[in-house]
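Visitor: Could you walk me through this one? I'd like to go piece by piece.

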Number of protein chains: 2
Amino acid sequence: MILRYDAAMGLRELKKQQTRELLADTAMGLFAEHGFERVTVAEVARAAGVSPNTVFNYFPTKEDLFFDRQDAVVGHLAEVVRRRPADSSAVDAVRADLLAGLADGEPTIGLTPRMATFWRIIADSPALRARLLELGERSEAALAAALAEESGTGPADPLPRVVAGAVAGAHRAVLGEIRRAMVAGEPAEEVRERVRTAVERAFDLLTSGLAGYRSGQ
Amino acid sequence: MILRYDAAMGLRELKKQQTRELLADTAMGLFAEHGFERVTVAEVARAAGVSPNTVFNYFPTKEDLFFDRQDAVVGHLAEVVRRRPADSSAVDAVRADLLAGLADGEPTIGLTPRMATFWRIIADSPALRARLLELGERSEAALAAALAEESGTGPADPLPRVVAGAVAGAHRAVLGEIRRAMVAGEPAEEVRERVRTAVERAFDLLTSGLAGYRSGQ
DNA sequence: GATATTTTTGGTGTCACTGCAAGTTTTAAG
DNA sequence: CTTAAAACTTGCAGTGACACCAAAAATATC
């Protein structure tokens with residue numbers, strides 16, 4: 001928890017950030033050790049030296065203690081599509097981003113061993129799994145907004161939302177695959193290879209038409 | 001709540017089904033009137049004339065009181081794909097099912113006025129929205145299983161899961177569109193038309209390639 | 001250094017949900 | 001028909017997330 005003192009920030013603001021970080025870190029440590037469900041908010045508060053009420057001042061729900069800094073993840077997909085070169089399609093942009101993330105072990109993709117424990121905590125908590133689904137939904141909504149924006153048709157047109165559903169659905173499935181494999185303890189190198197070829201094949205299909213997906217491989 | 005006496009069913013079994021139905025119906029009535037969050041399980045129990053504990057004997061969570069008989073919905077997508085004619089693709093099957101559901105006001109598609117209140121109850125309850133996401137996930141998993149089965153590649157191959165992600169994602173988005181429009185009070189006829197053309201365009205794209213989806217319409 | 005503003009805290013309450021032990025009803029055996 | 005076992009309901013006593021409020025403590029403003 002490294003913090004530098006920003007002159008433009010009063011003491012109050014500083015302490016708030018410290019406390020928030022202290023709480024999130026303390027909580028994550030306890031969750032990693034005992035699992036999400038078996039740690040109470042009161043325990044987090046005690047371990048951090050504050051009152052239980054203070055925890056709820058900073059984090060509206062217990063799950064927020066775990067998914068701190070989620071907004072970057074939620075916006076990522078839409079960002080990727082917005083920033084893509086003018087001559088490429090949205091699907092290509094997402095494919096390229098996934099492949100790039102797989103190639104250089106980007107932590108957001110979840111292939112690092114540190115992420116493995118993260119996934120494991122989620123895997124055995126229904127509440128966290130539900131939260132993850134919600135993050136996926138928000139990510140899809142952001143993508144839909146990006147697509148709608150560039151399509152120029154009004155908000156009554158459902159097409160961007162349906163396309164976003166398909167693209168975000170494939171994207172989520174890829175991330176879910178990584179998650180599943182990491183939780184199962186598969187070595188990162190194997191996961192990377194397996195998922196890479198799957199991404200290539202799946203996004204080829206998406207690009208050129210899922211009509212090409214019948215039986216057999 | 002019409003029940004016929006099945007001779008093969010003992011009295012105990014009969015009463016159980018009656019009680020379950022009584023509880024689900026009572027609960028739905030209260031939810032429709034006051035909203036999900038403002039009805040307590042204890043109130044449902046009292047209205048049904050049983051003890052609160054009995055409610056939990058039948059329904060593990062409060063949300064299950066609302067989403068009774070959800071399993072049919074969860075299996076639908078996979079069913080549609082499994083039952084499709086041999087010469088059509090999975091995407092075509094889903095498209096055809098959606099269009100058919102839109103044409104004859106199938107209740108599962110959610111265009112009936114009775115479904116409108118259903119959607120509205122969900123819309124203003126975070127817990128129910130979360131549950132709906134979970135149903136969508138299970139539906140996607142079932143589709144993935146169906147695709148994996150017919151692809152013949154082993155369970156290590158992620159491709160069916162990613163394809164299922166895309167197809168189920170588009171499907172969910174279409175249902176979500178209907179839901180949103182109905183909650184907003186749009187007349188069913190308008191929704192039907194708007195969604196129908198969107199389904200046609202979106203699934204054309206999925207069939208022939210999302211590369212065809214750039215800017216402009 | 002006095003005062004206004006935030007933040008923290010303690011207290012109290014609600015509600016979903018769990019576990020257990022004591023009834024009560026249904027079923028099956030004799 | 002009697003009776004004992006199995007299944008179901010209920011009351012009771014928790015636990016834990018979270019809401020609301022009012023009093024204290026910390027910080028900012030003048």
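Visitor: How many helices and strands does chain A have?

Guide: Chain A has ten helices and zero strands, where helices (H or I, at least four residues) and strands (E, at least two) are DSSP runs numbered from the N terminus. This is a predicted model, in which local features need pLDDT of at least 70 and side-chain atom pairs count only at pLDDT 80 or more, while totals for chains, interfaces and linings use all residues. Residues are numbered from 1 along each chain as its sequence is written, and chains are lettered from A and ligands numbered from 1 in the order in which they are written.

Visitor: And what does the C-alpha trace of chain A span?

Guide: Along its principal axes the trace spans about 60 × 40 × 30 Å. Buried residues, those with 20 or more other C-beta atoms within 10 Å of their own, make up 36% of the 217 residues in chain A; exposed residues have 12 or fewer, partly exposed ones lie in between, and the C-beta atoms are placed from the backbone.

Visitor: Switching to chain B: which residues of helix 10 are buried?

Guide: They are Val191(B), Val195(B), Ala198(B), Val199(B), Ala202(B), Phe203(B), Leu205(B) and Leu206(B). Seen down the axis of helix 10 of chain B, these buried residues fall within an arc of 140 degrees, taken from the directions from the helix axis to the C-beta atoms, so they line one face of the helix.

Visitor: What's on the face turned away from the buried side?

Guide: That face of helix 10 of chain B carries the exposed residues Glu189(B), Glu193(B) and Thr197(B).

Visitor: And what do the buried ones pack against?

Guide: They pack against helix 9 (159–183) of chain A, together with helix 6 (90–103) and helix 9 (159–183) of chain B.

Visitor: How many residues of chain B are in contact with chain A?

Guide: 44 residues of chain B are in contact with 44 residues of chain A, contact meaning that the C-beta atoms, placed from the backbone, lie within 7 Å. The largest share of the side of chain B that touches chain A, 14 residues, comes from helix 9 of chain B.

Notes. Two residues are in contact if their C-beta atoms, placed from the backbone, lie within 7 Å.
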